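Please look over the sequence and the structure first.

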Amino acid sequence: MDSYVRIFDTTLRDGEQSPGATMTSAEKLEVARALARLGVDVIEAGFPAASPDDLEAVRRIAVEVGNPADGGRAPIICGLARATRNDIDKAWQAVQPAAHPRIHTFLATSEIHMQYKLRMTREQVVERVREMVSYARSLCEDVEFSPEDAGRSDPEFLYEVLGVAIEAGATTLNIPDTVGYTLPEEFGALIAGIIRHTPGIENCIVSVHCHNDLGLATANTLAGLAAGARQAEVTVNGIGERAGNTALEEVVMALHTRRPVFNLSTGIDTTQITRISKLVSNYTGISVQPNKAIVGANAFAHEAGIHQDGLLKNQLTYEIMRPESVGASQTRLVLGKHSGRHALKMRLASLGYDLGEDELDQVFERFKSLADRKKVITDADLEALISDELYQPRELFSLDGLQVACGTMGMPTATVRLRDPQGRLHVHAAVGTGPVDAAYKAIDAIVQAENVLQEFVVHAVTEGIDALGEVTVRIQGQDSHSTLDAQREVDQPRTFGGYGADTDIVVASAKAYLAALNKLLVATGRYGPAEQVATHMVSA
Ligand code: KIV
Ligand code: ZN
């Protein structure tokens, strides 16, 4: 059995499906580029049958990330499809332009799903799998099949269904613990049983896909890999339905750090992990908990005196991984107030940003103004600047000016000046419980897009009183929209994330709120499709 574990990233599909993780198609494209740079083997780019926008976003990723301009290694681009002809046709339409396309189709196999959700008998399920996998295979050479809710399915029935999928042409068999129910020993045994008893499985890749409802997704995934699976389905920061999916960074670093135990390798460039974690968090507005393994702000922070003393004597006393191995070291950049445009360009290039002249001018202007206020600029500051300056949703409403009065005397008041999509300026002043509340009230009075603020998080990019502040917000729109679940359309209100960075946190807060509002306005159809930022990354 080979020792290479394929990393199948589903941040853009299962991850994006989680509440609030909605990304625009330009953001999805940037995440896909970053995933390719990270070295994932498969990018599940979306669920093309969900909507024409989803189909188009997957297609763009297939065209642009699935065919690297420099002729480098192209990841497989995958589209999800329910086991219906219509879904499979749409998935194929979307992934076909990729150098290596994959169709991933699924059908539930647990009694509870078959009886109540699908209202199908075992025989009908087997027949549908045979028919739809062979239809997918007639279109695409690379077909993945998932028996949904495998974790609660009868193993004997699974062997039969998977055997049929293999006969019909499936090349990867993915075993999902859809509801995060299994324990590591059970899940490992399930995978071992499938490998032992499914006819024809030796010619296929067995994959694992775990959810984190009991906090066991990583443990279950590792148990599945130890039992012989050779593909792990994961998301960046573990985002996903309910408690999320298996976190990419946890599985990759567990395999890397405990290599002698697993004897398995991946193609991941681990030094890219921190960057992609931030990118996904900024775009989705889903912040990473400080104590999150590998990518949390405290993951490498040592506070206790005994620990610090030990570390100074020998890093191995309390550190099982080096922060540099996941790209978490704070490189002190020697760029400052006196650095020129060329130095900035070179530094950005070494971080993977290949900016055009106009974009560089834009970032340089921001860099200079930051350097006036802050002596030491780190790579993290630069990344925050880039996210704030270049990777924002289309600016329907943009911040043109903001002034606040606050403190212990008088009422917190904000005056906001916004530019609307037609270029007109609007000014409004409002009073609030604090300066941010006042600014948001003034913005609301101008933009008039009803919403509920669900989350507001401020954090400093680096230490020090002069640090850049980053704000992420999540808002829920008042409209509901249709999404597809396995069988029918369901109405759900949508949540949108926004990000802003500035040394003034009220300004960063206003920018983050506007970014989320702009997404909401596009999604609710008040202003055309969400085509906005150009691409700035070195192509993958
Ligand atoms: O969790 C799940 O079952 C899924 C399948 C579509 C693979 O996401
Ligand atoms: Zn899932």
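## Zinc site

Donors here are N, O and S atoms within 2.8 Å of the metal, and water is not among the atoms, so sites may look incomplete. The model is predicted.

Which residues donate to the zinc ion (ligand 2)? The protein donors are Asp14 through OD, His209 through NE2 and His211 through NE2. They lie 2.0 to 2.1 Å from the zinc ion. Along the sequence, the donor spacing reads D-x194-H-x1-H.

Asp14 is part of helix α1. Is Asp14 buried or exposed? Its relative accessible area is 3%. The cut-off for buried is under 20%, so Asp14 counts as buried. His209 and His211 are buried as well.

## Database record

The unreviewed UniProt entry lists Asp14, His209, His211 and Asn245 under "binding site". These positions spread over 232 residues of sequence, yet they cluster in space. Their largest C-alpha distance is 10.3 Å.

For Thr178 the distance is 2.6 Å. For Asp14 it is 3.1 Å. For His211 it is 3.0 Å. Taken alone, ligand 1 exposes 260 Å², and the protein buries 94% of that.

## Helix α16

How many residues of helix α16 are buried? The helix covers residues 379–389, and ten of its eleven residues are buried. Helix α16 is therefore largely enclosed by the rest of the structure.

The buried set includes charged residues: Asp379, Asp381, Glu383 and Asp388. Leu382, Leu385 and Ile386 are among the nonpolar members. Ala380, Ala384 and Ser387 are buried too. In general, an α-helix has 3.6 residues a turn, so residues three or four places apart point the same way.

Asp87 sits in helix α4 (residues 85–95). Its relative accessibility is 2%, so Asp87 counts as buried. What joins the side chains of Asp87 and Arg82? A polar contact of 2.8 Å links them.

## Positive phi values

Most residues other than glycine have a negative phi. Two residues in this model depart from that pattern.

Asp149 has a positive phi, near 60°, and is not a glycine. Asp149 lies in the loop between β5 and α7 (155–167). Is Asp149 buried or exposed? At 0% relative accessibility, Asp149 is buried.

Gln448 also has a positive phi, about 55°, and is not a glycine. Its place is the loop between α17 (435–447) and β14 (451–460). Gln448 has a relative accessible area of 59%, so it is exposed.

Technical notes: Residues are numbered from 1 along each chain as its sequence is written. Chains are lettered from A and ligands numbered from 1 in the order in which they are written. This is a predicted model: local features need pLDDT of at least 70, side-chain atom pairs count only at pLDDT 80 or more; totals for chains, interfaces and linings use all residues. Side-chain values use heavy atoms; hydrogens and water are left out. Donors are N, O and S atoms within 2.8 Å of the metal (3.2 Å for Na, K and Ca); water is not among the atoms, so sites may look incomplete. Buried means under 20% relative accessible area, exposed over 50%, partly exposed in between (1.4 Å probe, protein chains only). A polar contact is a pair of N or O atoms within 3.5 Å; within protein, one must be able to donate a hydrogen and the other to accept it, and residues adjacent in sequence count only if both atoms are side-chain atoms. Accessible areas come from the Shrake-Rupley method with a 1.4 Å probe; for residues, only the protein chains shown count as cover. Helices (H or I, at least four residues) and strands (E, at least two) are DSSP runs, numbered from the N terminus. UniProt positions are given in the numbering used here, feature names are shortened, and annotations may be inferred rather than shown by experiment.
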